[in-house]
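User: I'm new to this one. Can you walk me through the charged pairs?
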Amino acid sequence: MTPLLRYPTADELGARAAALAARHPGTARLRRVGTSRAGAPLWLLAVGHGSRQALVVAGPHANEPVGGATALRLAERALADPRLTEGADATWNLLLCLDPDGLRRNEGWLSGPYTLGRYARHFYRPGFLEQPEWLPDGAARAALPETRALLALQDELRPFLQCSLHGVDVGGGFVEVTHHLPGLPQRLAHTAARLGIPRELGPYDALYWPELGPAVYRIPPPRRGDLTEAITEAAVESTWCHPNRYGTVTAVVEAPMWGVAAVADGSPPGDPQAVLRRVSLGLRRDTRTLRLLLARIRPHLAAGPDTDRLLAPVEDYLLICPRLADTWDPDTDDGTGRPLPPLSTSHLTTLRITARRLVLRTAGLLQQLVRGAGRDPAGALPELERLLDAWCADYRDGCAARWIPVARQAEYQARMVLAAFELAGRHASALSRSGESGWGAPAAVPMHRE
């Protein structure tokens with residue numbers, strides 16, 4: 001297996017996949033299944049010739065590059081082990097990167113050194129409406145070419161399993177599924193323990209979702225609302241659930257870059273309301289600071305697509321932060337009438353990490369806006385640098401965030417995909433014998449994937 005010391009770029013993913021296909025012409029094929037907004041190819045590497053299709057989608061979020069490394073690892077494993085292809089009557093379809101344009105904008109940190117400061121200062125993730133897995137207006141009105149390419153691929157393949165590969169920047173590993181796969185929580189526990197990956201027992205994404213076992217959650221039915229409401233607690237249509245009509249099981253596999261041991265602590269906290277008040281107060285304070293910085297910076301920004309591209313996620317984050325603070329604050333009515341579920345130490349740790357994540361990303365994007373302008377007449381850069389240093393230190397020292405080597409991230413994610421592959425195959429066999437009520441019911445996805 002190819003040694004993996006760093007994340008591959010979009011160009012390297014295509015080159016490595018082409019080399020694999022050239023070495024295994026009878027088993028592996030590489031084809032272009034679409035084109036990004038900037039004209040980059042969307043490459044699909046297929047391994048095997050079985051009738052049962054497995055679809056793996058890497059790189060749906062620009063700042064989560066582990067999926068590309070995992071896809072290459074899965075391809076090598078399927079080529080080396082015929083039990084995964086001929087023995088399972090399966091074809092592995094590996095979409096190497098769904099957002100190559102966004103991945104290219106993260107290349108400032110992809111090759112390392114892997115420090116929180118470097119990641120934050122080179123972070124990029126598009127605004128919520130430009131993330132290709134989401135279908136806020138439904139599949140028929142999908143606007144992004146990357147989204148349309150993925151939908152077409154799902155309709156062509158009608159996979160029995162779809163795995164969407166995501167990354168957690170700081171926290172732990174967990175899995176979200178559209179259908180219960182008995183045995184998956186045990187597989188996750190074993191894999192995480194072997195590889196030293198903390199299981200996230202209270203992820204922010206699944207705060208209100210049914211738990212199928214430790215660190216495994218079921219994606220609930222959709223709940224209509226505005227985008228900020230969907231981001232904080234509900235769900236909208238997504239390419240995760242588009243292939244439900246074909247009986248597809250979708251598993252969203254989250255792998256952490258910096259692990260935090262406390263996200264695996266499911267014990268009751270001592271004073272949860274005090275923690276919630278501190279987190280909410282801090283999020284409001286930090287959001288006000290960032291809004292004031294944006295107001296100082298904005299008049300000096302040149303109009304253009306690069307500026308717009310960085311401003312869109314900044315404005316999204318500044319929009320949702322107060323909503324989240326109200327949702328978590330025990331002394332504030334956020335207007336939803338929905339109380340927080342019982343919270344463990346893991347939940348509270350994850351909420352603290354989430355609050356820090358949103359403001360750190362915002363500060364990093366603002367810093368890039370100022371640097372891209374080539375001048376700082378508002379004098380904002382020193383303050384932004386101070387905030388970035390302080391918030392990274394809070395992750396490192398306050399949360400004890402520790403880097404997980406790329407090879408270990410990819411191996412963890414690959415093992416979880418292989419577990420889902422095996423269990424979804426059993427699920428499909430059982431379904432063919434007995435059926436399952438509610439299979440075609442509409443499902444939903446959170447807008448804010450972390």
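User: What does Glu146 form a salt bridge with?
Analyst: Arg37. The closest N and O atoms are 3.1 Å apart. A salt bridge here is a side-chain nitrogen of Lys or Arg within 4 Å of a carboxyl oxygen of Asp or Glu. This is a predicted model: local features need pLDDT of at least 70, side-chain atom pairs count only at pLDDT 80 or more, and totals for chains, interfaces and linings use all residues. Residues are numbered from 1 along each chain as its sequence is written, and side-chain values use heavy atoms, with hydrogens and water left out.
User: Is Glu146 buried or exposed?
Analyst: Buried, at 0% relative accessibility. Arg37 is partly exposed, at 35%. Buried means under 20% relative accessible area, exposed over 50%, partly exposed in between (1.4 Å probe, protein chains only).
User: Now helix 13. How far apart are Arg415 and Glu411 there?
Analyst: They sit 4 residues apart, about one turn of the helix (residues 406-434). Glu411 is buried at 10%, while Arg415 is partly exposed at 29%.
User: Which residues are linked in a network?
Analyst: Arg285, Asp286, Arg352, Arg356 and Asp394, through salt bridges.
User: How many salt bridges does the count come to?
Analyst: 30 by this rule.

How values were computed: Helix = DSSP H or I, 4+ residues; strand = E, 2+ residues; numbered from the N terminus.
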